[in-house]
Amino acid sequence: MPTFTPYFSEIRYLGGASTDFIEVALDNGVDPATIEVVVYNGGGTIRSTNTLPGSPDNTIAGTDVYSINTGVHKLGAIALVSNGVVVSFVSFGHTVTATEGPASGSTSTMIGTTHRGESLESTDMGASYQVQGSPNRGTIPCFLSGTLISTPDGPRPVETLRAGDLVKTHDNGPQPIIWVGARAVGHAQTRTHDLHPILIPAGALGEGKPTRDVLVSPAHRVMVRSPSLQLLFATSELLLAAKHLVGRNGIRIATECTQPVYYHLLFANHQLVKTSGM
């Protein structure tokens with residue numbers, strides 16, 4: 001069974017220490033005390049070592065999203081450390097070889113550059129990053145345009161929802177939306193990076209689950225139910241990233257979707273949203 005590896009979900013680094021931020025995505029329920037974010041100078045020395053706050057900014061589709069304010073130089077790099085192990089070491093327009101700290105001896109992976117006021121955001125669990133003109137701190141991409149979201153008034157396309165609208169949730173009934181965000185991925189970005197959404201065909205997760213084909217971002221967490229899970233994990237339900245379901249019952253990468261628009265739904269508390277019977 002695939003494991004969830006923490007990743008940098010969004011980074012803003014050209015605004016100064018007061019506006020720069022680093023956003024980290026963790027599996028729901030992971031202790032943030034096990035995570036460190038180590039910022040490096042361009043020469044490979046440590047600039048700062050940071051811990052995550054005690055509670056997430058938000059929880060979306062089974063992923064806890066944390067963020068911290070800290071200065072990051074455009075020639076520097078950032079290491080994400082989980083239980084003492086470096087799981088990601090990234091930089092921007094230049095590579096950095098760490099000379100000390102947890103990433104000592106490692107050379108960073110360049111993920112791209114931005115202009116002031118922009119950020120770099122990942123929709124595929126840290127595999128690639130794209131420029132986000134309007135940073136969305138505390139959120140991660142989720143549903144694609146056209147996805148039908150269950151509401152008390154019936155299914156509605158996600159792009160028609162607004163703050164204040166009620167949405168049916170898995171555990172807490174109808175809940176009001178606090179904020180809706182959207183992010184378009186251009187054709188060139190989709191061609192260059194692995195940004196195609198994941199297609200979950202009707203019935204792929206069981207009878208009527210979903211009731212129609214559904215498109216979600218690669219990092220979107222999907223509730224999977226199976227009696228066989230009880231033997232392996234002492235539970236019959238698990239939240240798995242959509243990309244980890246590819247190859248199962250026709251679930252595939254939707255390469256034909258070359259210009260996806262991803263939508264974020266924010267609630268006051270973590271909610272599992274119902275869409276097309278799943």
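This talk walks through several features of the structure shown above, which is a predicted model.

Good morning. I shall begin with the interior of the protein. As a general point, nonpolar side chains in soluble globular proteins tend to be buried together. In this model, the largest nonpolar core has 24 residues. Which of its residues touch the most other members? They are Phe143 and Ile200. Several strands contribute to this core: β18 (198-200), β19 (214-216), β20 (221-225) and β23 (261-266) each supply at least two residues. Apart from it lies another core, of 21 residues, which includes Ile11, Val37, Val39 and Leu52.

Let us look at Ile200 in more detail. Leaving aside neighbours within four places in sequence, Ile200 is in contact with Leu205, Pro210, Arg212 and Asp213, with Val214, Val216 and Val222, and with Ile251 and Met278.

Which strand gives the most to the lining? That strand is β20, with four residues. Strand β5 (58-60) also supplies at least two residues of the lining, as does β20.

I turn next to the aromatic residues. How many aromatic pairs does a search of the whole structure find? It finds two. Tyr13 and Phe92 form a stacked pair, with 3.8 Å from centre to centre and 5° between the planes. This pair links distant parts of the chain, as its residues are 79 apart. Tyr13 is in the loop between β1 (7-12) and β2 (21-27), whereas Phe92 is in the loop between β8 (85-91) and β9 (109-110). Both Tyr13 and Phe92 are buried.

The other pair, Tyr40 and Phe89, is edge-to-face, with 5.4 Å from centre to centre and 65° between the planes. Tyr40 belongs to strand β3 (residues 35-40) and Phe89 to strand β8, 49 residues apart. Why does Tyr40 count as buried? It does so because its relative accessibility is 0%, and the cut-off for buried is under 20%. Phe89 is also buried, with a relative accessible area of 8%.

Gly71 is found in the loop between β6 (63-69) and β7 (77-82). Is Gly71 buried or exposed? Gly71 is buried, because its relative accessible area is 8%. Not counting residues up to four places away in sequence, Gly71 touches Ala17, Asp20, Val39 and Arg47. Arg47 is 24 residues from Gly71 along the chain, and their C-alpha atoms are separated by 8.8 Å.

Finally, consider a hairpin. Strands β15 (residues 166-169) and β16 (residues 173-176) run antiparallel and are joined by four bridges. Three residues lie between the two strands of this hairpin. In a regular strand, the side chains alternate between the two faces of the sheet. In β15, Val167 and Thr169 make up the covered face, while Leu166 and Lys168 make up the uncovered one. Leu166 stands opposite Pro176 in β16.

Thank you for your attention.

Technical notes:
Residues numbered from 1 in each chain as written. Predicted model: local features only at pLDDT ≥ 70, side-chain atom pairs only at ≥ 80, totals over all residues. Heavy atoms only, no water. Buried < 20%, exposed > 50% of the residue type's maximum accessible area, 1.4 Å probe, protein only. Contact = heavy atoms within 4.5 Å. Core = buried A, V, L, I, M, F, W, Y, C linked by side-chain atoms within 4.5 Å. Pairing = 2+ DSSP bridges. Phe/Tyr/Trp six-rings, centres within 6.5 Å; stacked < 30°, edge-to-face > 60°.
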